[in-house]
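Subject: Structure for your review

Dear colleague,

Please find below the structure that I am handing over to you. A summary of the findings comes after it.

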Amino acid sequence: MTETAQPLWDELIIGPTVVTLTESADYGCIPDGAIGILDGVLTYVGPADDLPASPDRLAHHVVYAEGTLTPGLIDCHTHLVFGGNRANEFAMRLNGASYEEIARAGGGIRSSVRNTRGADADHLLAESLPRALDLLHDGVTTLEIKSGYGLDLDTERRMLQTARQIGALTAQTVHTTYLAAHALPPEFDNDADAYIQRVTEWLPILHAEGLVDAVDAFCEGIGFSPEQTRRVFEAAQALGLPVKLHADQLSDLHGAELVTQFNGLSADHLEYTNDEGLMAMARTGTVAVLLPGAYHVLRETEQPPIARMRELGVRMAVSTDCNPGTSPLLSLRVAMQLATTHFRMTPLEALQGATVHAAAALGLSDRGQLKPGLRADLALWTVQHPDELTYWLGGNLLQNLWLAGHSLQRRERAPRL
């Protein structure tokens with residue numbers, strides 16, 4: 001090795017198999033790899049034998065590790081801030097109740113709206129923070145959190161504020177998404193257009209308060225029409241906010257094609273998306289966010305058109321869709337496993353879907369891969385090969401996590417309220 005004078009790195013990790021994900025066709029594994037970190041950014045990614053100097057001359061702190069090192073996982077579609085739960089509805093469905101029967105019994109999204117509206121800020125944080133910590137301790141360094149269980153200005157604000165608090169407490173990067181166009185609240189029964197008008201009026205208020213990173217809507221027969229969704233997106237566009245869409249989950253309303261007309265970051269679910277929508281996504285680079293947790297819990301049979309996505313080169317992300325009704329899933333790694341089992345994604349596709357493609361679904365280009373210049377969000381796993389991340393169902397496989405270069409093992413663990 002050639003000795004080279006340079007500023008000392010904050011940390012140098014030596015020994016694990018480093019999974020770079022810098023190539024689309026393979027993991028980009030570096031056996032006996034090394035990672036250098038300075039000021040929260042990767043400064044070296046390569047073989048340990050190719051380091052430019054001896055370890056003690058390169059870094060203030062040297063870590064010798066075994067196992068597999070990947071980018072930190074990115075959960076790009078969650079609804080994890082909410083009050084209460086809907087375990088009773090899960091039992092009702094298993095006993096044969098339909099969606100309509102559950103709704104007539106006071107269930108569905110409106111049940112979560114009642115519970116969330118009734119939770120003050122401290123209660124909402126106390127319920128939601130443990131869910132984010134479960135994701136953190138399963139390797140998630142970045143996550144998106146949506147509003148949408150308030151459906152009024154005050155509760156939507158409280159949800160988004162809670163999401164910001166979660167990021168401050170856990171050190172995860174939290175992206176907030178405004179999803180007031182999630183369902184029709186009871187006070188607007190039979191007047192969806194009037195409610196959408198309120199949604200577009202609340203958006204600039206919350207954006208001015210620094211609470212909104214993106215805008216979403218539920219375009220579906222039981223949600224909002226394409227025309228109503230377009231109004232929400234036009235309001236977002238006027239503020240320079242990116243959009244994404246719950247698209248084509250239960251029927252084909254051409255949601256995927258609609259979101260591409262606004263250069264949307266992602267179209268999510270996509271079980272019923274038609275070929276025109278997929279081709280539009282391929283043209284615009286809109287990411288397909290696949291949500292196998294909801295598919296699994298609802299025991300759906302219509303699968304997203306994965307083979308056609310591959311053929312067209314549509315980027316596929318994988319996320320938990322963590323929510324109280326249809327995907328009470330608290331592990332992104334389990335979501336990856338479900339994607340391989342139900343959707344026949346490969347283990348490589350699933351890991352790319354929870355890293356580099358998930359980053360794209362949030363409009364982030366500084367993470368999701370391991371190469372110099374990117375953010376030092378890292379996950380060290382006990383496994384010997386990245387295929388094992390989707391092979392094992394559950395289990396505690398995470399050894400350590402770095403968030404912007406700060407080791408979870410060496411910082412005070414995030415508090416549980």
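This is a predicted model: local features need pLDDT of at least 70, side-chain atom pairs count only at pLDDT 80 or more; totals for chains, interfaces and linings use all residues.

Several of the pairings can be described residue by residue. Strand E10 (residues 173–181) is joined to strand E11 (residues 214–219) in the parallel sense over three bridges, and Tyr178 is found opposite Val215 in E11. Strand E12 (residues 244–247) pairs with strand E13 (residues 266–269), again in the parallel sense, over four bridges; here Leu245 faces Ala267 of E13 as its opposite residue. Between E12 and E13 the chain passes through helix H9 (residues 255–260), in a β-α-β crossover that is right-handed. E13 also pairs with strand E14 (residues 287–290), in the parallel sense and over three bridges, with Ala267 standing opposite Ala288 in E14. A right-handed β-α-β unit is made by E13, helix H10 (residues 275–284) and E14.

**The six-stranded sheet**

Another open sheet is formed by six strands in the order E3-E2-E7-E16-E17-E18, with mixed pairing. Its edge strands, which pair on one side only, are strand E3 (29–30) and strand E18 (406–407). Strand E17 (residues 398–403) pairs with E18 in the antiparallel sense over two bridges; the bridge partner of Leu403 is His406 in E18.

**Nonpolar cores**

The largest nonpolar core comprises 93 residues, and those with the most contacts inside it are Leu80, Ile166, Tyr178, Tyr195, Val212, Val215 and Met309. Beyond its neighbours within four places in sequence, Met309 is in contact with Leu270, Leu278, Ala288, Leu290, Pro304, Val314 and Met316. There is also a second, separate core of 16 residues, which includes Val18, Ile30, Ile37 and Leu42.

**Two buried residues**

Thr162 is located in helix H6 (residues 153–170). Thr162 has a relative accessible area of 1% and is therefore buried, the cut-off being under 20%. A polar atom of the Thr162 side chain lies 2.8 Å from the backbone oxygen of Arg158. Not counting residues up to four places away in sequence, Thr162 touches Val81, Leu124, Leu125 and Ser128.

Gly293 belongs to helix H11 (residues 292–297). With a relative accessible area of 2%, Gly293 falls under the 20% cut-off and is therefore buried as well. Residues up to four places away in sequence again being left out, Gly293 touches Thr326, Ser327, Leu329 and Leu338. Gly293 and Glu144 are 149 residues apart along the chain, and their C-alpha atoms are separated by 16 Å.

Yours sincerely

Conventions:
Residues are numbered from 1 along each chain as its sequence is written. Side-chain values use heavy atoms; hydrogens and water are left out. Buried means under 20% relative accessible area, exposed over 50%, partly exposed in between (1.4 Å probe, protein chains only). Contact means heavy atoms within 4.5 Å. Two strands pair if DSSP finds at least two bridges between them. A polar contact is a pair of N or O atoms within 3.5 Å; within protein, one must be able to donate a hydrogen and the other to accept it, and residues adjacent in sequence count only if both atoms are side-chain atoms. A nonpolar core is a set of buried Ala, Val, Leu, Ile, Met, Phe, Trp, Tyr and Cys residues joined through side-chain atoms within 4.5 Å. A crossover is right-handed if, with the strands pointing away from the viewer, the path from the first strand over the helix to the second runs clockwise.
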